[in-house]
Amino acid sequence: MPAEQNGRAASRRNRQETVPSTIYASGLAKAAVIAAQNGLPLGNGADRRYSVAALWSMAAENDVEVDDELTQAQRRLKDLKTKISAQSKKNFLLERDVRFLDSRIALLIQNRMALDEQQEVASHLEELDTTEGHLLPDERKRQLYGNLFFLLQNEPRHIAALARLVSLSEIDTLLQTVMFTLYGNQYDSREEYLLLSMFQNVLSSQFDAATDFGSLLRANTPVSRMLTTYTRRGPGQTYLKHVLSARINKLIEMQDLDLEINPLKVYERMIEQIETATGKPSDLPKSISPEEASQHPDVQAIIAPRLVTLMEIAESFLTTIMGSLDQVPYGIRWICKQIRSLTKRKYPDASDLQICSLIGGFFFLRFINPAIVTPQAYMLVEGNPAQSPRRTLTLIAKMLQNLANKPTYSKEVYMMSLNPFVEQHKQRINRFLNELCEVGDFYESLEMDQYIALSKKDITLNISLNELYNTHSLLMQHMDVLAAADKHHLRICLQDLGSAPAQVPRAENKTVELPIFSRWEQPIPDFPSAIADSELTSSDIMYMDTKALYVQIIRTMPGLSSAVVKAGNKGSAAFNLARVAESAATSRDPTLVKKGIKVREMLYQLDEVMPAEQRQNPNRYALMCDEIRQELVHLGNLREKVDKEIGSLELVFKTIIDHNNYLRSQLESYKAYLQNVRIKSGVTGSKSSKAQVQGPFKFTHAHLEKDGIIVESNVPDNRRSNIFFNILSPLPGTFIIALHYKGREKAILEMDLKLDDLLEKQQLGVTLLDLEYVQLSVNKTLALLNKTFLKR
């Protein structure tokens, strides 16, 4: 060890020897020692990034031992953020259900068209059960899952790698866990930073895997789905509501404003209007090409002023968006910054225009434009916009996208007439997209938050059983890629857990409160021995803990707090610390009495470690008094910010609740539609509920084999004549196929089938239905059910 380092170590030891052995070290102080040991020493020198003292300031903002107006407001704010996070997750699940039913209804419609007006049934809604619970039967498994999910949350690279490996069909369930559970507290800076770290890994790999510049971030991949889902979280919704809502509502009020510029559509509407006005068929040809329509002088005359109006409206939207730079959520801007940085590293020859097109592709395509095109889905408007405003919003979104992408051509030829808008604002949008990227990195802030987390205990996740089991299953499936080494922490966690359990039915999908902790975590060192290994001294720790306790005491005594702040404003920052301690120690509040006695002792200990000449100075604590006053002023300003944020988030929460109601109404509509299909397809013309039960209808093995319904059979040839099938429909769209053997009362095998499941198999190209003893053709089974039940 160099002499200089030996000298510093000896100096630290000498200072510590003068400190009394009873040090009142808070958990935060212990975390600060870890911070100092890891390169965040005390002080604000030019060569030091942060002061560890900031840890105490951060803790003061969220002090649970004080119950003043600020703390009460912070509790309301925290409760509101928790509600928003929980409700966002519920909305995500509802949206997934709506998408599922969308696809099932599409299957029904396709089948009806293909099979000549047959109406068939789908039944998925019976599974929609939101029962919640809090227990995991096996306590050891609970601890092992706690180890696993601590590792996943605190080392985001594992989730980033998994996201690259899963299929598009698996990504929604993984996103549910990542966005709304693992990092579900959307307003917690530490969780947000960890989530963004995961995004950095994902984006970096996406750029490394890209084969050409044009394919970057364009396709509908798991990564693009992740980016879109991130923008739908609370902060993104807040931004959209504040920035776009008024502008969109103003446009929607102009219901009669028709700004269609597609020449063919304009031509067709022109003919309709002529025929309506004259009451006679128009002489104009009905079927012409888009090129012919665009050359028609009347069409050109109609479109010309519409182009001017469209560009004016698009410019107003653009101005509003560009004026909201400071309101764009940090995470959105940070992702833009990563896209720019990765593009420059991967494609050093890329022009600023190309880089901005990628940034714009994320910001506009994934974030802004969906809200403009479907504002009702984002609860920016009440109800669905009328046809004309809806079309105008779509055109505005196309214009903004073309502007952000800087295309040399447009997919729709008629959009080329709006190129003057693109040319006029090209430089302007470039500046905005670059300014979006001008945000600081969060790594140092994350370090501070991680150290704060060291002083906390009882960290938990609320997670459903199926989220646990699905994540476990995906990790096991890709374990050899994610954790190849035998000693890899992730592999050890997974091997201890063993095989992943199967998904449970929705009614049994309980919510578990999962304590998360690391089995490899190093304990926070004891005091005072650990201080020797850090740049902090015992007196440093004592000074900051004493100051923090004084802030607690003064906050608990509102009159004193106001007096301290007012005195500071008049130029008198110092006040009598001993008198404050005495007032607390002799108060009627038992908690305050304990704190007063404790801080009085701490002040005495600080006096003990001071040099004798300094101890005689009556103003020796003037610096501490000034820092206490500054902290109180900061907390007073913080109260105003908290109240403002509460008001803002209350609007967000209302929006999310409204969106939840909107999604539920969609599900109810689907339910009514599907129930109607069930009735019509199953009991045509029947008024009796008993008539819904149809069958059983009997079919021999030979019959089904002859018609090609049985494709393969494991039944021995000499027994096939004794085999028959009964097919029953207890409810419309639901069937029971039972395999019987002559002479036996009970069926050998029964299988429940739902028509929409068969339709989905058909659409996915699944050809066989396995009944254990026989395999049936999916297509011909559908035809048999159609002939037997749906046409009766």
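1. The side chains of Lys426 and Glu423 are joined by a salt bridge, with an N to O distance of 3.3 Å; the term denotes a side-chain nitrogen of Lys or Arg within 4 Å of a carboxyl oxygen of Asp or Glu. The two residues lie three apart in helix H17 (residues 419-436), and are therefore separated by about one helical turn. Helices here are DSSP runs (H or I, at least four residues), numbered from the N terminus. Glu423 has a relative accessibility of 52% and counts as exposed; exposed means over 50% relative accessible area, buried under 20%, and partly exposed in between (1.4 Å probe, protein chains only).

2. The model is predicted: local features require pLDDT of at least 70 and side-chain atom pairs count only at pLDDT 80 or more, whereas totals for chains, interfaces and linings use all residues. Residues are numbered from 1 along each chain as its sequence is written, and side-chain values use heavy atoms, with hydrogens and water left out.

3. A salt bridge also links Lys83 to Asp79, where the closest N and O atoms are 3.5 Å apart. Both residues belong to helix H4 (residues 69-114), and their spacing of four residues places them about one helical turn apart. Lys83 is partly exposed at 40% relative accessibility, and Asp79 is likewise partly exposed, at 42%.

4. Arg629 and Asp626 form a further salt bridge through their side chains (3.4 Å, N to O). They are three residues apart in helix H27 (residues 622-682), which means a separation of about one helical turn. Asp626 is partly exposed, with a relative accessible area of 22%, while Arg629 is buried, at 15%.

5. With neighbours within four places in sequence left aside, Phe363 is in contact with Tyr239, Ile321, Val328, Ile332, Cys336, Ile368, Phe432 and Leu436. Contact means heavy atoms within 4.5 Å.
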